[in-house]
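The entries follow in the order in which I looked things up.

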Amino acid sequence: MKLLSLLARACAVLAGVILTVITLITCVSLIGRNTIGTTLVGDYELTAAAAGAAVALFLPLCQLRRENIIVDFFTARLSAAANSRLDRVGSALLAAVLLVLAWRTVVGGISAFNSNSSTMMLGFPEWIVYAFMVPPMVLTGVIAVTQTVYGDFPELAK
């Protein structure tokens, strides 16, 4: 689980770097538009592509820490053991969904690669975004499978 924790944290750091770059690109573009009347070409395309990758990169740490959205209205009064079993079922379902999403993202990336699909303004290849999204989805699925089998590891999730 220590390796999964390390990988989840690395994904989150990379996502933070990507979001920082997006912020800087947006600032440069806005400042240029409002001062000298020119903007960065394709800033919207870069922002959209990078944001998709960043969201996927945050998923492993969210699952590791169990900080995804949880609605506990009906389970708040259950025992800790019952909540633990429900958490394991939830982890199993999330693992299944994320691994299917990873598989379909691979298929979409291969399709984008084979069709030479790219963004309109910059001609940025779309398959690259798919490629950045697959590893964190798989990692999230593996973390969820591990939590399903072994339960939580609170000392590693901090």
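**Entry 1: the loop residue.** I began with Asn116, which lies in the loop between α3 and α4. I noted that helices are DSSP runs of H or I with at least four residues, strands are runs of E with at least two, and both are numbered from the N terminus. The model is predicted, so local features need pLDDT of at least 70 and side-chain atom pairs count only at pLDDT 80 or more, while totals for chains, interfaces and linings use all residues. Residues are numbered from 1 along each chain as its sequence is written, and side-chain values use heavy atoms, with hydrogens and water left out.

I looked up phi of Asn116 and found it near 55°, a positive value in a residue other than glycine. Most residues other than glycine have a negative phi. Is Asn116 buried or exposed? Asn116 has a relative accessible area of 65% and is exposed. The cut-offs are under 20% relative accessible area for buried, over 50% for exposed and partly exposed in between, with a 1.4 Å probe and protein chains only.

**Entry 2: α3 against α4.** Two packed helices are described by the angle between their axes and the distance between the axes. I found that the axes of α3 (residues 80-114) and α4 (residues 127-150) come within 8 Å and cross at roughly 160°. Axes are lines fitted to C-alpha atoms, for helices over the stretch in contact, and angles run from 0 to 180 degrees between N-to-C directions. The two helices, α3 and α4, are therefore roughly antiparallel. Angles under 35 degrees count as roughly parallel, over 145 as roughly antiparallel, 65 to 115 as roughly perpendicular and the rest as oblique.

I recorded the crossing of α3 and α4 as left-handed: the near helix is turned anticlockwise from the far one by less than a right angle, whereas clockwise would be right-handed. The contact of α3 with α4 has 20 nonpolar, eight polar and one charged residues. Here Ala, Val, Leu, Ile, Met, Phe, Trp, Tyr, Cys and Pro count as nonpolar, Asp, Glu, Lys and Arg as charged, and the others, Gly among them, as polar.

**Entry 3: α1 against α2.** I found the axes of α1 and α2 8 Å apart, at an angle of about 155°. That makes α1 roughly antiparallel to α2. Their crossing is left-handed, and their contact divides into 18 nonpolar, five polar and three charged residues.

**Entry 4: two alanines.** Ala8 is in helix α1 and counts as buried, at 0% relative accessibility. Ala92 is in helix α3 and is partly exposed, at 35%.

**Entry 5: the pockets.** A pocket, on a 1 Å grid over the protein atoms alone, is an open set of points where a 1.4 Å probe fits, with protein on both sides within 12 Å along at least five of seven lines; lining residues have an atom within 4 Å of a point.

Which residues lie nearest the centre of the largest pocket? I found Arg66, Ile70, Leu86, Asp87 and Gly90, among 16 lining residues. The largest share of this lining, eight residues, comes from α3. The lining of the largest pocket divides into seven nonpolar, six polar and three charged residues.

The second largest pocket is lined by 14 residues, including Ile18 and Phe124.
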